[in-house]
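Here is a colleague's note to read beside the structure. Please follow the points in order.

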Amino acid sequence: MKTDIEIAQEAELMHIRDVVAPFGITEDDLELYGKYKAKTADGLWNQVKDRPDGKLVLVTAINPTPAGEGKTTISIGLAQALNKLGKKTIAALREPSLGPCFGIKGGAAGGGYAQVVPMEDLNLHFTGDFHAITSANNLLAALLDNHIQQGNELGIDTRQITWKRCLDMNDRVLRNIVVGLGSKTDGVVREDHFVITVASEIMAILCLSNDMADLKERLSRIIVGYNYAGEPVTAGDLKAVGAMAALLKDAIKPNIIQTLEHTPAIVHGGPFANIAHGCNSVQATKMALKLSDITITEAGFGADLGAEKFLDIKCRKSGLKPDAVVLVATVKALKYNGGVPKSELGTENLEALAKGIVNLEKHIENLQKFGVPVVVTLNSFVTDTEAEYAFIRDFCEQRGCEFALAEVWAKGGEGGLALAETVLKTLETKESNYHPLYELDLPLKDKIHTIATEIYGADGVTYAPAAEKMLKQLENQGFGDLPICMAKNQYSLSDDQTKLGRPTGFTINVRDVYVSAGAGFVVVLTGNIMTMPGLGKTPAAYGIDVNEEGKITGLF
């Protein structure tokens, strides 16, 4: 079987204007980045904003395992399959981060014959959105330190600076640094920190903004730290908003590329779901809904993270209402949750499957709490057996879920027809009664407790003294009515990544809390989650190269 990059590089791409023409978009509605990439021009939204929305389908998954679940692959394959069935469908996806691309996870363009292309461009610099976000973030940091150096008129307490610099790379040595060393003219010496760009509040702001005016208003609310009186200091106070917005003027426009079968994909924004809110931009999703019969979107990592944040943060803030959820699993991943080592996942093991399927069960229960119909799909592998499929199908149907196999990795849209037909049946016969999990007027601790007990299955929540203090401070400052963005490891329902399956008898440990006032949520750091990842012993970067003809190899 060919590698993902070989399949992508052998594909015959259409000019992007021809890909979007059947959806009523002309070349004048695009800002072209070569032949195969484009941003939407400023006037397109005004042309389509009064159209009725199509149906919205969210794709999520069980907790990720080393076996791989293929959530993005399913999203792309499902969109291709729906177009084969005559439904105008657009995929609305996130942009990949360079960090995991060069780290352990690889890219995020799908796989096999369910990919978006050009995959090398998407996985690397694409249209420069992440660079613009990084620049805007670090401009604010530079203006902050310059203000302190130039007399500190705002009385910023250097011990209470919360704004961090960012870089779109896994670089652990930047987590905790000291800046301002040298002479007096080199700045004020203080401790500083980096986060990965996808964890920057500016990424979240860009993804939640409706337009430039909304973006600038949100940027102005960013809290960079506190003054000596304990009052928040904002980006607006630092007069940073206009210049930051200028850096983001193109990044705010959604990008359009194509799948291997020429289905349009609007790919825009990319916050991580384990340390941020994990969803593509509101603008991209809303644009897709106006242009298509069905929009397929996804949220990062498992349903305990990305889907919960999609349903509790993105939908609540944007007015979006999903019509159905597709929950992705694999036989291998369920057996892994049942205790089978990675080397033995290709062997039939119904006993381990019965043990591990409780992870799927919990995610089904969680999604049903939001009132949205659930379709379970298995990303199929050649080592799967009919007995394993039958066991999982019966398990899902007993819990009120539709079920379908997907073979999109090997067969593209053709391999997703069974799933597409099941999704269409669900959209036609089951009504979505979407509602968030909690009300915003609850105290912050009650909202955290609700997520921890209802979604993760925890017995309760413990708080470090610093987190307790910050929660009280945020409520006193008027931020108590914001939704919660939990930062938690992605591998387990708990905050301990070694607890697989459906763990019980545990508590969630909150070590720190901060407010993303511009994005409009309170971030809760649990366990040992890091906002700046590190590279592994053998990073994927070792296998990436480019030959004399300029052809990239080793991306996956």
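1. In which sense do strand 12 and strand 13 pair, and over how many bridges? Strand 12 (residues 223-227) and strand 13 pair in the antiparallel sense over three bridges, where pairing requires that DSSP finds at least two bridges between the strands and strands are DSSP runs (E, at least two residues; helices are H or I, at least four), numbered from the N terminus. Within this part, Y226 stands opposite P232 in strand 13.

2. The model is predicted, with local features needing pLDDT of at least 70 and side-chain atom pairs counting only at pLDDT 80 or more, while totals for chains, interfaces and linings use all residues. Residues are numbered from 1 along each chain as its sequence is written, and side-chain values use heavy atoms, leaving out hydrogens and water.

3. The two strands belong to an open sheet of three strands in the order 7-12-13, with antiparallel pairing. Strand 7 (156-161) and strand 13 (232-234) are at the edges with a single partner strand each, so one side of each has no neighbour in the sheet. From one strand to the next, the twist averages 50°.

4. Helix 7 (residues 129-149) packs on the sheet and touches strand 7 and strand 12, contact being heavy atoms within 4.5 Å. The direction of helix 7 makes about 130° with that of strand 7; axes are lines fitted to C-alpha atoms, for helices over the stretch in contact, and angles run from 0 to 180 degrees between N-to-C directions.
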